[in-house]
Amino acid sequence: QVQLVESGGGLVQAGGSLKLSCAASGTISLINTMGWYRQAPGKQRELVASITSGGRTNYADSVKGRFTISRNSAKTTLYLQMNNLKAEDTAVYYCNAQRIIGGVTVPSWGQGTQVTVSS
């Protein structure tokens, strides 16, 4: 099992910045990829950014150049630095970890943290 706990959400004005954190615990040695997803009211959950165990990153087009995903050297904490925030970034942000067990991808999710950007 992997437990994920997000923090760092809040209310910010458009153009401002926030940094989200996700603390991972449990069988983190089996984690292959970690990422941030978000879900706005009435919309489907979407990938914001991801990072593989090898450090390769991937971003949604809507956040490229504004958001940066990273993690600490122990790979126990995932971060999302969000700059130049826009009203459309308002959503609940979820941390995700994927483990490969017996060839099957097993996802784990955090409880989510609310990000609200006022225009």
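Mentor: A disulfide is a pair of cysteine sulfur atoms within 2.5 Å. Keep that in mind, as this is a predicted model.

Trainee: How many disulfides does the structure hold?

Mentor: Look for cysteine sulfur atoms within 2.5 Å of each other. Cys-22 and Cys-95 qualify, with an S to S distance of 2.1 Å. The number of disulfides in the structure is 1.

Trainee: What is the handedness of the disulfide of Cys-22 and Cys-95?

Mentor: Check the torsion about the S-S bond. For Cys-22 and Cys-95 that torsion is about -80°. The disulfide is therefore left-handed.

Trainee: How many residues apart in sequence are the parts that Cys-22 and Cys-95 tie together?

Mentor: Cys-22 lies in strand S3, residues 18-26. Cys-95 lies in strand S9, residues 91-101. So the pair ties together parts whose separation in sequence is 73 residues.

Trainee: Is Cys-95 buried or exposed?

Mentor: Buried means under 20% relative accessible area. Cys-22, the partner in the disulfide, has 0% and is buried. Cys-95 also has a relative accessibility of 0%, so Cys-95 counts as buried.

Trainee: Which residues have the most contacts inside the largest nonpolar core?

Mentor: That core has 28 residues. Elements giving two or more residues to this core include S3, strand S4 (31-39), strand S8 (77-82) and S9. The residues with the most contacts inside the core are Met-34, Trp-36, Leu-80, Met-82 and Tyr-93.

Trainee: Take Leu-80. Which residues is Leu-80 in contact with, leaving aside neighbours within four places in sequence?

Mentor: Contact here means heavy atoms within 4.5 Å. The list for Leu-80 includes Trp-36 and Tyr-93, along with Val-48 and Ala-49.

Trainee: Which strands stand at the edges of the open sheet of 4 strands?

Mentor: The order in this sheet is S1-S3-S8-S7, with antiparallel pairing. An edge strand here has a single partner strand, so one side is left without a neighbour in the sheet. The strands at the edges are S1 and S7.

Trainee: Which residue in S8 stands opposite Phe-67?

Mentor: S7 and S8 run antiparallel, joined by 5 bridges. Phe-67 faces a residue of S8 across that pairing. The residue opposite Phe-67 is Met-82.

Trainee: Is Thr-52 buried or exposed?

Mentor: Thr-52 is in strand S5. Not counting residues up to four places away in sequence, Thr-52 touches Asn-32, Thr-33 and Arg-71. The relative accessibility of Thr-52 is 16%, and the limit is under 20%, so Thr-52 counts as buried.

Trainee: Now the rings. What kind of aromatic pair do Tyr-37 and Trp-109 form?

Mentor: The count comes to 2 aromatic pairs. In this one the centres are 5.0 Å apart, with 70° between the planes. Planes over 60 degrees apart count as edge-to-face. So the pair of Tyr-37 and Trp-109 is edge-to-face.

Trainee: How many residues apart in sequence are the parts that Tyr-37 and Trp-109 tie together?

Mentor: Tyr-37 lies in strand S4. Trp-109 lies in strand S10, residues 104-109. The separation of these parts in sequence is therefore 72 residues.

Trainee: Which residues form one aromatic cluster?

Mentor: Tyr-94 and Trp-109 form an edge-to-face pair, 6.5 Å centre to centre, with 90° between the planes. Tyr-37 also pairs with Trp-109. The cluster is formed by Tyr-37, Tyr-94 and Trp-109.

Notes. Residues numbered from 1 in each chain as written. Predicted model: local features only at pLDDT ≥ 70, side-chain atom pairs only at ≥ 80, totals over all residues. Heavy atoms only, no water. Buried < 20%, exposed > 50% of the residue type's maximum accessible area, 1.4 Å probe, protein only. Core = buried A, V, L, I, M, F, W, Y, C linked by side-chain atoms within 4.5 Å. Pairing = 2+ DSSP bridges. Phe/Tyr/Trp six-rings, centres within 6.5 Å; stacked < 30°, edge-to-face > 60°.
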